[in-house]
Amino acid sequence: MARESLRKRKTKALLRRAAVVAVILLVAVIPAIPIWMMYGWLVSQSFSGRVILGILPSKLTLDNWRFLWSPIKMGEKEYPNIWPITMNTLFLALGVAGLVVMVSSLSGYALSRMDFKGRTGMMQFIIALHAFPSVILLIALFVILNKLGLYGKGFMTLVGIVLIKAGLEIPMATWIIKGFFDAIPWDLEWAALVDGCSRWRVWRSVILPLVLPGIGAVSIFSFLSGWSEFLLVFTYVAQEEYYTLPVMIYHMIGEFIHIDWGMLAALGLFYAIPTIIFFSVSQKVLLRIYVGGVKG
Amino acid sequence: MARSIGRRLLPLLFLAPMLLMIALAWVSPLVLTVYLGFTDLSIKNFLAFVKDFFTDKVSITLDNFRRIFYAEDPYVGETLRVTVLYVVSVLSINAIYALALSIAIAYFTKNELLSMILRVTWLLPRITPGIIYALMWIWFIDPKYGLLNEMLRLMGVPDSWLPDSWLLRKPYSQMLMIMINGYVGASFGMIVYTAAIKSIPPDLVNAALVDGASEFQVARRIIIPLLKWPILFVTAWQTLSLLSSYEYILMVWGAGSGQGYGIARSAGVMVWSLYSYTKAFAEHLYGYASALSLILVAIGLALIILYFKIFGFRRLMEPSRVEV
């Protein structure tokens, strides 16, 4: 009798475990198959000579990477050389990162440490901006870009885009870096102030070195968001030589008739390199930021 | 005296660069959108307008809103339907499917390695640059080179159900739109939920297990109730960003001929925000496009105020906190 109930209980536990495994398979593993296939394809296609069915590479070659040393041709159309385009992308990403870090490390400190009228109100305003989807403003920003005389001006248009993109990122960056300032004990500052440092000196030589991790996180994050920026460049830049990598890839996909999957995959991988590197180095901090302005 | 003035000025000095940038990138376009929505700005009077914002070549009018609300633009109704379909279905993937996914990954999967592999996999869609994500989908659904149809065939879906083009055949293109955005949304939800699940005190779960609860009971009676705030947060946040997000749709369906604006419409994936974008940058009807945007701005502001009311300031900032 007792034996039987034990066996019954065992089968029950086993069934339950099977149900759990089934849920894991059904919910998390099977729907993930397309993701694995897509990334697997991207990598193997970029080194394969033939268009392959499936994700197994065949006819290994570096031919798809020829854009690194020769001009790109797809069908009749010739695209600008990859390196100036990469430089444009890099300029955009570095410009955004630099500007965002400079501005937000100042404002984050003020919001974290200084007492002034309207401090709470300003923080709420920043959060509201952070929640507000900025793509809606694309049309008005286009008018502003024109007003500033930066539209259709080649390189200066990119400068305008850096300004706009940085401005859009700043509320969130300020909030993140404020979190890092909040985590530093007040005592350090007091000690420096008592010793006769000015507020500015304290910020520059005592506090700033301590929030370097925060500054690192914000600069990586804004670098990546500048690096993957698509809409602003796609909409505002008309001249091909000032495209960035994502916009060029977009236009190459558009050539449906002459689509060269191998080269597109290679180019895509080339473009993803910084994202892959930064993510594998600092994923923990970045993840928290990606969720949306959580303290660092 | 000088000291106290300095004290008052100092915060302003630290904040000035930020305020300047916010004025440039947020406040002035917001104000301008409101103004533009009431004008007939188009390619014809654009240059005059850029020179002088109050030129008499641009007239102030309510026509834009009449066209939207009295359905004088025959396309508004369909755009609205597509938008509702898009937001509601992607949102349910975001909030509900991602919840099941996170419980499966962070609680059911006891093997650390497997759990980590799954987490990284489900992260990929969100962190991949958009254009590469779009490129991979365009390949994946390609009827000739891609694998989607092949996979579905293997799973026993009859040939007659499979479309010759996922991009153009209507119910399929809309399913595709939901899938593309759904994977990214599931990614987002998973990040928030797994962090929250990890922060649940293990004692609670263990106590229930000792009392003989099954894994499913633990999930339903303990984990889900504790994730109340994260779930609300994800829903709120994603509603707002879905209403205005069209980047992936533009990248996938716009990648055709003639700037590709025609494809999104005939494929039935023209959402409200993309429609506004098209009106502005393909048809150059800036005034009308701004009026369309303005409706989204109004909805957005209303939602933000609502969220401040529901969540309060603190909770809005700490999405993954669990209240035990």
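Visitor: Into which domains is chain A divided?

Guide: Chain A has domain 1 (2-61) and domain 2 (77-292). Such bounds come from an automatic or database domain assignment. This is a predicted model: local features need pLDDT of at least 70, side-chain atom pairs count only at pLDDT 80 or more, and totals for chains, interfaces and linings use all residues. Residues are numbered from 1 along each chain as its sequence is written, while chains are lettered from A and ligands numbered from 1 in the order in which they are written.

Visitor: How many residues of domain 1 of chain A are in contact with domain 2 of chain A?

Guide: Start with the cut-off. Two residues are in contact if their C-beta atoms, placed from the backbone, lie within 7 Å. Here six residues of domain 1 of chain A contact six residues of domain 2 of chain A. On the domain 1 side, three are nonpolar, three polar and no residue is charged. Ala, Val, Leu, Ile, Met, Phe, Trp, Tyr, Cys and Pro count as nonpolar; Asp, Glu, Lys and Arg as charged; the others, Gly among them, as polar. The centres of the two domains, taken over C-alpha atoms, are 37 Å apart.

Visitor: How many residues of chain A are in contact with chain B?

Guide: In general, the size of an interface is often given as the accessible area lost when the parts come together. Here we count residues in contact: 75 of chain A with 76 of chain B. Helix α12 (residues 261-292) of chain A gives the most to the chain A side, with 11 residues. Helices (H or I, at least four residues) are DSSP runs, numbered from the N terminus. That chain A side divides into 58 nonpolar, 14 polar and three charged residues.

Visitor: Is B:Ile304 buried or exposed?

Guide: A residue is buried if 20 or more other C-beta atoms lie within 10 Å of its own, exposed if 12 or fewer, and partly exposed in between; C-beta atoms are placed from the backbone. B:Ile304 counts as buried because it has 20 C-beta neighbours inside 10 Å. B:Ile304 sits in helix α15 (residues 286-317) of chain B. Residues up to four places away in sequence aside, B:Ile304 touches A:Ala128, A:Ala131 and A:Phe132.

Visitor: Why is helix α14 of chain B largely enclosed by the rest of the structure?

Guide: Nine of the 10 residues of this helix (residues 272-281) are buried, so the rest of the structure largely encloses it. Among the buried residues are B:Trp272, B:Tyr275 and B:Lys279.

Notes. Helices (H or I, at least four residues) and strands (E, at least two) are DSSP runs, numbered from the N terminus.
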